[in-house]
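Trainee: I am new to this structure and would like to learn how to read its features. Could we go through them one at a time?

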Amino acid sequence: MADSPVDFEKIDSDSSAVGDGTSYNSTETSFHYHDMSWRWVGGDTGDWSDPANWALYDGTNNLVTTEGSVPQAEQNADVSLSPPSGADSVTVVLNAPDYNQIRSLSVWQNATLKITAQADSNIDGNVFATAGFENDGTIIIDTPSKVELGGVTMNRSDGTITIMNNHGNVIFDSSNLNSGGTVNLINASLGSAGQPVWVSGGTVNMQNSSIYMNSGEAVATINVDPTTVNTIYVQDNGFLHGGAQVTNSENAVINGISENTRFGIAGLASEPNSATYTKNTDGSYTLTVNLEDGSKLTYGNLHMADGYTPPATVQIVPDTAASGWDIEDTTSSAGTYTGDKLHTDISAIASSATAAGGDSSQYSSTPTSYHQHDMSWRWTGATSDDWNDSSNWALYDSTNNKVDTSDANVWTNNPVPQSQQNADVNISWDGNTTTPCVVVDNAADYNQIRSLSVWENGTLKITAQGDSQYSGNVFATAGFENNGTIIIDTPSKVELGGVAMNRDDGTITIMNNQGNVTLDNGIINNDGTLNLINASLGTADQPVWVQGGTVNMQQNSTLFAKPGISYDSKTTINVDPDNVNTIYIDDDGDKSVSGNVLVNGISKNTHFGIAGLTAEPTSAIYTNNGDGSYTLNIQLADGNVVQYADVVPANGYEPPATASIEKDGTTGWLVEDETVCFLSGSMIRTAKGDVAVEDIQIGDEVVAFDWQNNREISSPVVWVGKAHATAHAGLANDEAGYPVRILKDAIADGVPYKDMLITPEHCLFFEGKFVPARMLVNGVSIFYDKSITSYDYYHVETAQHSVITADGMLTESYLDTGNRRAFRQVGKVATLNGKARTWADDAAAPLCVDRAFVEPLFRQLELRENNVNGGQVVEVAPAQTTDPDLHLMTQTGASIRPMRVQGDKYSFMLPPNTKSVRIVSRASRPADVIGPFVDDRRYMGVAVADVRVQTARKLQVITAHLQASKPAGWHDTDWKGCAWTNGDAVLPLDENVAQNAMAILSLTIRAAGPYLVDEDMEKGAAQAV
């Protein structure tokens, strides 16, 4: 690739070199000492966000003047909730988001804190955050948004924590909840497959919920509502890999088990192969799960709901969402448990928690944040570059007097900035032009500092990493301004706050981090430079605004951006053309969007993505602007357009007139440049003999086969194009960019006469038809060569599209269907007709992808495998299932499992105010589960016929999926009154449905499966079946 105006290699090497070779403290730290206390002085019910309800006291119990503040305004204080004088109880409702972290929270007897604050689409930070808590009262979390409960967690014997309508967004920084009390999960998930929690002691009550626990959990009792689907996951942490003699026993008493109860295992290296129930002498049951490596997982104290008897053997079902397995009873008939005491008791808990504090609309919901500070930490660098060495810091008060931090009775034994949060942290100083100041923070600390200022010649490098049990931020600030350099080189979570100012001299480099750098308001005001090196900024669910400045992207980096990328100053993005980089726009609402951005250096490796759509993109067209730049218009099915109006190719690359659009499998669609080519070393038959493709020149005469007259003719080369490709793992094999290797003799004896390397879409000639190479991949003699991840490739164009010979095999010359500009011309200059051609009108032979023709050809070549030397070892065919694992996801992120399955009808209970759902299931491509000879590479989930919603008022029929213009995630079928999902399909509901308190959604599934069992590993593996 030609030289880029940006020296990407220097950016990488300079960032990596900072702090290299020096030993820094890496011990996790946290600070919970507080010298002040916020006390509730309001009534027996009140608003957290009303300053009149709070009083601040210092360490000597004197009242401090606060000028109308709430606890987040003074972070170095404990927040204490107890009933006011003369009241028997108190309920405090926090309904306004605030990402400032408080130091400590104490909820005492007869006190209730209810957190209902919700973040809008622009907020990625926590709506409430504390570094730790102790609870002797009640904490209710009723929000889908992020809530941080800290690293010191004490839910005492009288304490109750209720988490409602929240799926994995309640964070315990050390993944540990010390609970002698009660935890209620109501339509909620606690922990995640990647971040399970330790729940030490106490009781957990579950209704339509999931809990992800560490293996060897110490929770005493789990009660599950037998009427709803509840899943108890164990995350393997090493105990399950000990061989045949090792049994991992889960000792919790679990009550209320029914056919709706599921046991999950996540994070295993060895698959479970059987699961059996045996009855104990006391009437309880033991569930034994046997793993392939000989180890076992047992639950020995299981108590069934009245009326339910478990089967002797239960099913093991892969759970792709949790990267593990579910142990399920799929054979028992649905029971009736509405009179069950556990169901009644947990439902009463849910009703009481919902009613606490009354209607949340009476409380303030305006997001707040605090950035004023009365002290300042200053870097002295007295002994080293280590942030976590207190001798390198000095603390000054608001009158610029140095504060004595040596008193062990007042300060910790290592006073660094996190120990006094209500202070600005200064690295270097304003106007410093001569003295470099380098600081490295290598120790994880979830305490949030108030503000960070990195001045000229100052560098802060964050390399801290949390261990497998650490789920909080390793570094956190409520805001920053940067005139120097900030380098984030860690895969762990880093919070940069809600006030994010990267000034014109500032550089921020994010390395080796995939979506774990948080901008609380989703905005970075960027007048300087932002470097992404093997990193992702933002996520599909939480995209960011990058306001102005420059973004440099290299080494497979991704930017998830809001529509337009910047709503203010124009942003310049430079992409390294030599490796894959992806720029996503989140176009929630399918609006027409014109990106306020200049993109430099695009190549075949540059991908443009769109996420958050309900209308699918239908075309992607590049138009030359006449000044060296291009406009990329991405047309949506609903008529709107996403536009990049200023795209500049790297030297030697011209984008195709029409780019391909591919579903990315997770977040939306990718716009890519796909091509049909020969790799270097391919031998093209010419009038003078076989010549390597890279040596072919314009004007050379190649030998073409006139198949209609069964003769060879000579055809002049009118154009030769060259480009470079880099494969990107993670996509299906036929879409990832790996070349297809056709072994010597794979087609016939001496055909090809040496191994042939071509791109997957390149066509081979058989019996008067062209067939794409990807449809003949058998994994043995014809396979994707994954050892080749970067390569040059060539097009050879003759005056007319021709059947030519390469490596002794009949194949095709180049047919310009609109992507000539993707290549740099090689050799002599030639004048070409710029009109794009078509397969229908201009091809030398018809393109054939019909299964009736291709499958017999595939089978014929398959029979030759034993006659070919060097064939690949036959891989075990991936396991398949017909279980769709069908469930719904609401717009709040809640997962809803079917309440009833009867034949082809699935019924789901919808929560109140459900405006739309996503129909989520397993999905596989026919080309994968049947064979590559099937030219259908769409992901197929389930075929949905009738959709009905029953409310208290009436029965409604939903037909959005059957309309000509469908919501996102739907495919047409040949069946009338039916449409396939792609495994994640949007289903909008009628407004009348959304306004009802509760509804039952029924789906008629006409067809489902088969599916590859592990789609993540097997996706796109076009193996023979």
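Mentor: Asp-885 and Arg-897 form a salt bridge, with their closest N and O atoms 2.5 Å apart. The pair links distant parts of the chain: Asp-885 is in the loop between β78 (880-881) and β79 (887-890), and Arg-897 is in the loop between β80 (895-896) and β81 (900-902), 12 residues apart. Asp-885 and Arg-897 are both buried. Keep in mind that this is a predicted model.

Trainee: What is the general idea behind such a pair, and how many salt bridges does a search of the whole structure find?

Mentor: Side chains of opposite charge can pair when their charged atoms come close. The search of the whole structure finds 29 salt bridges. Another is formed by Glu-761 with Arg-774, where the closest N and O atoms are 2.9 Å apart. This pair also links distant parts of the chain: Glu-761 sits in the loop between β70 (756-758) and β71 (763-766), while Arg-774 sits in the loop between β72 (769-772) and β73 (782-784), 13 residues apart. Both Glu-761 and Arg-774 are buried.

Trainee: Next, strands. How should I read the two faces of one?

Mentor: In a regular strand the side chains alternate between the two faces of the sheet. Take β27, residues 261-266: 6 of its 6 residues are buried, so the strand is largely enclosed by the rest of the structure. On one side of β27 are Thr-261, Phe-263 and Ile-265, and on the other are Arg-262, Gly-264 and Ala-266; both faces are covered.

Trainee: Which strands do bridges join to β27?

Mentor: Strand β24 (residues 230-235) is joined to β27 by 6 bridges, and the two run parallel. Gln-235 stands opposite Ala-266 in β27. Strand β32 (residues 324-328) is joined to β27 by 4 bridges, and this pair runs antiparallel. Across that pairing, Gly-264 has Asp-326 of β32 as its bridge partner, and Ile-265 has Trp-325 of β32.

Trainee: What is the order of the strands in the open sheet?

Mentor: The open sheet has 6 strands in the order β19-β22-β24-β27-β32-β31, with mixed pairing. Its edge strands are β19 (189-190) and β31 (315-319), each of which pairs on one side only.

Trainee: Why does Ser-145 count as buried?

Mentor: Ser-145 counts as buried because its relative accessibility is 10%, and the cut-off is under 20%. Ser-145 lies in the loop between β12 (138-142) and β13 (147-150). A polar atom of the side chain of Ser-145 is 2.9 Å from the backbone nitrogen of Ala-119. Leaving aside neighbours within four places in sequence, the residues in contact with Ser-145 include Val-127, Asn-166 and Asn-169.

Trainee: Which residues make the nonpolar surface patch of about 250 Å²?

Mentor: That patch is made by Met-899, Met-909 and Met-998. Met-998 lies in the loop between α6 (991-994) and β89 (999-1008). With a relative accessible area of 47%, Met-998 is partly exposed.

Conventions:
Residues numbered from 1 in each chain as written. Predicted model: local features only at pLDDT ≥ 70, side-chain atom pairs only at ≥ 80, totals over all residues. Heavy atoms only, no water. Buried < 20%, exposed > 50% of the residue type's maximum accessible area, 1.4 Å probe, protein only. Polar contact = N/O pair within 3.5 Å; in protein donor to acceptor, adjacent residues only side chain to side chain. Contact = heavy atoms within 4.5 Å. Pairing = 2+ DSSP bridges. Patch = residues over 30% accessible without salt bridge, like charges linked within 9 Å, V, L, I, M, F, W, Y side chains within 5 Å. Areas by Shrake-Rupley, 256 points an atom, 1.4 Å probe, with all protein chains shown as cover. Salt bridge = Lys/Arg side-chain N within 4 Å of Asp/Glu carboxyl O.
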